[in-house]
Amino acid sequence: MDERIAEAIRRHLDTEGMLSCAAAFRVAEELRVEPLEVGRTADAIGVRLNRCQLGLFGYGAKAEGRHKIVRPAKVVEPGLAQAIQDGLSEGRLPCRVAWEIAGMLGIPKMEVSAAAEALGVRIVRCQLGAF
């Protein structure tokens, strides 16, 4: 385990002692390491991740069904639907590709995940290793 990463994680914890997705990516950027290294280190030191930037986890109790905030989009623009279809790997959309689509189309990341939900596409391979 890289102690530099562990210490940076500890500096970025929220008031509940968790590390948000956005903070984890800041740590990765600050230290010039892969986000997965940050996720693995967080796990190794017992820090839970929350507030996924795609809205998929960390927003409340999973047992109560409040863990994710993303909801299926009412309408999915054809260009976004095509980008999602083009980005599929084995029928699923990798997290990194969802982020790339958001950047390419200049839309919020959660808009991509809402569209994926509406299209029945599952987002997989969290860049932090959470799923």
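Reader: What is the relative accessible area of Glu 3?

Author: Glu 3 has a relative accessible area of 45% and is therefore partly exposed (buried means under 20%, exposed over 50%, and partly exposed in between, with a 1.4 Å probe and protein chains only). The model is predicted, so local features need pLDDT of at least 70 and side-chain atom pairs count only at pLDDT 80 or more, while totals for chains, interfaces and linings use all residues. Residues are numbered from 1 along each chain as its sequence is written, and side-chain values use heavy atoms, leaving out hydrogens and water.

Reader: With which residue does Glu 3 form a salt bridge?

Author: Side chains of opposite charge can pair when their charged atoms come close. Here the partner of Glu 3 is Arg 10, with the closest N and O atoms 3.0 Å apart (a salt bridge is a side-chain nitrogen of Lys or Arg within 4 Å of a carboxyl oxygen of Asp or Glu). Arg 10 is partly exposed as well, at 39% relative accessibility.

Reader: How many salt bridges does a search of the whole structure find?

Author: The search finds 5 salt bridges. One of them pairs Arg 4 with Asp 2, whose closest N and O atoms are 3.3 Å apart. Arg 4 has a relative accessible area of 45%, and Asp 2 has 27%. Another joins Glu 117 to Lys 68, at 3.1 Å between the closest N and O atoms. Glu 117 belongs to helix 6 (residues 109-119) and Lys 68 to the loop between strand 2 (49-50) and helix 4 (78-87), so this pair ties together parts 49 residues apart in sequence. Helices (H or I, at least four residues) and strands (E, at least two) are DSSP runs, numbered from the N terminus. Elsewhere, salt bridges that share partners link Glu 3, Glu 7 and Arg 10 in one network.

Reader: At what angle do the axes of helix 1 and helix 2 cross?

Author: The axes, which are lines fitted to C-alpha atoms over the stretch in contact, with angles from 0 to 180 degrees between N-to-C directions, cross at roughly 135° and come within 10 Å. Helix 1 contributes Arg 4, Ile 5, Ala 8, Ile 9 and Arg 11 to the contact, and helix 2 contributes Val 27, Glu 30 and Leu 31 (contact means heavy atoms within 4.5 Å).

Reader: Where is His 12 placed?

Author: His 12 sits in the loop between helix 1 (3-11) and strand 1 (19-20). Leaving aside residues up to four places away in sequence, His 12 touches Met 18, Leu 19, Ala 23, Arg 26, Val 27 and Glu 30.
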